[in-house]
Amino acid sequence: MVRFGWTLHGDGRNPAPGQVVRPGERLTWGRTVGLGAQHVVAMFGATFVAPVLMGLDPNLAVMVSGVATVFFLLATGGRIPSYLGSSLSFVGVAAVIRAQGGDSATLTGALLVVGAVLAACGAVVHTLGARVIHAVLPPVVTGAVVMLIGFNLAPVAAGTYWPQDQWTALLTMSFTALALVVLRGFWSRIAIFLGLLFGYAVSWLFDRIFGRIHSANGAGEVTDHWRLDLSGVGQADWIGLPTLHGPSFSASAILVALPVVVALIAENAGHVKAVGEMTGDPLDDRLGVAIMADGAATVMSTAVGGPATTTYAENIGVMAATRVYSTAAYWCAAGFAILFGLCPKFGAVVAAIPGGVLGGITVVLYGMIGLLGAQIWIHNRVDLTNPLHLVPVAAGVIIGIGGVSLTFTDTFELSGIALGTLIVVIGYHALRLMAPPHLKASTSTTPE
């Protein structure tokens, strides 16, 4: 396939019933650009919510997501249509690093190292084959790690965002839940984004009806303030570069972030498998390349102050709904994202998201991330009555969610996500070596 050449599918207008537009094909350019815009809307909510929750520049995150997508399409030779947006897997990591006194440079430095490790893991997978993932990270392990990453965020939602405006948070949560359940097709896939818009409207209305609110602001100070403060929007320029900064490296921050590699490998494997099944093109031979490309894209993003990137299930869902898998649409989406990133006024609007709105959104979002771990177990029929599965998972999840710490020296300790992941991974493989044959026989090794 020529990377910049696409064959016109049929008349380029209306694919026949049951037919799909393959990655190397496209519709008319007008329709392709429209599909690209739809992919932007699908990725938009999570791509700018993630950096906001991590304290990073959302303008930069959107712009580098476009650059990362272009890089990914080139690296995979146009065979894997995917959008690379901001990874939500690091939100808990960001909270822990900032609680330890780390700044944005420390955070992006830790994420850069994770990206480099992910790229190295991709190289190993490409060399040894996908079986290495199944052996080291079986579903029982990946499900537990994803679960503890999501549920570790509960104190952030409950202690930081929700108290800023509990009633707006409750209404936003209720609307978002309703949108996720009731809406169908494309609209259900942007339910988080719709929840944010609803929260904006409620905050504006409450300011007009009740006046200022007396509560904690984003800095944690209890003051009288407007729920929705758009003063920064009027002062922002229409065109300009986002704020860039270089990374700094801290061993403790890196140790907190490294366990997320497990979740990213599982996430990439699942997405590549899903795309391969939808397009009818087996992609096991490109799994290692896809993981390498994602890791390299994360290094590129974090090197200038952006968040880590990952392939987006939201956009895979758009492809499933439209049956259009053309990579040309992703090139258009990447172009739109880069243009959005060059508009500081857009970034100011994002930065003005009220805390109560984030409270309602994060309660749903963080819980969904955690329950993805349970979904991995269910899909792969993991038997949690088997002590070989139950014991390391039970210990690791409680340690990860509860913030249990293990102190080695005055300057070094493991806790939370990092310690929980180590307990799950090392505990599972160590117990498996000593377990009787009948327990090993029921162990699932099917990848998710």
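## Helix α10

In this predicted model, helix α10 covers residues 191-210 and holds 20 residues. The distance from its first C-alpha to its last is 27 Å, close to the 28 Å expected at 1.5 Å a residue.

The buried residues of α10 include Ala191, Ile192, Phe193, Leu194, Gly195 and Leu196. Further along α10, Gly199, Tyr200, Val202, Ser203, Phe206 and Asp207 are also buried. Gly211 follows α10 and has a positive phi, near 80 degrees.

## Helix α6

Helix α6 (residues 139-151) has 13 residues, so at 1.5 Å a residue it should span 18 Å; its end C-alpha atoms are 18 Å apart, in agreement with that value.

This helix is mostly covered, with 12 of its 13 residues buried. Among the buried residues of α6 are Pro139, Val140, Val141, Thr142, Gly143 and Ala144, together with Val145, Val146, Met147, Leu148, Ile149 and Gly150.

## Packing of α4 against α14

Helix α4 (residues 104-128) and helix α14 (residues 287-303) have axes that come within 7 Å and cross at roughly 160 degrees. Because angles over 145 degrees count as roughly antiparallel, α4 is roughly antiparallel to α14. The crossing of α4 past α14 is left-handed.

On the α4 side, the contact involves residues including Thr108, Leu111, Leu112, Gly115, Ala116 and Leu118. Classified by residue type, the contact of α4 with α14 comprises 14 nonpolar, eight polar and one charged residues.

Key: Residues numbered from 1 in each chain as written. Predicted model: local features only at pLDDT ≥ 70, side-chain atom pairs only at ≥ 80, totals over all residues. Heavy atoms only, no water. Axes fitted to C-alpha atoms, helices over the stretch in contact; angles between N-to-C directions. Helix = DSSP H or I, 4+ residues; strand = E, 2+ residues; numbered from the N terminus. Parallel < 35°, antiparallel > 145°, perpendicular 65-115°, else oblique. Left-handed = near helix turned anticlockwise from the far one by under 90°. Contact = heavy atoms within 4.5 Å. Nonpolar A, V, L, I, M, F, W, Y, C, P; charged D, E, K, R; others polar. Expected span 1.5 Å × (residues − 1). Buried < 20%, exposed > 50% of the residue type's maximum accessible area, 1.4 Å probe, protein only.
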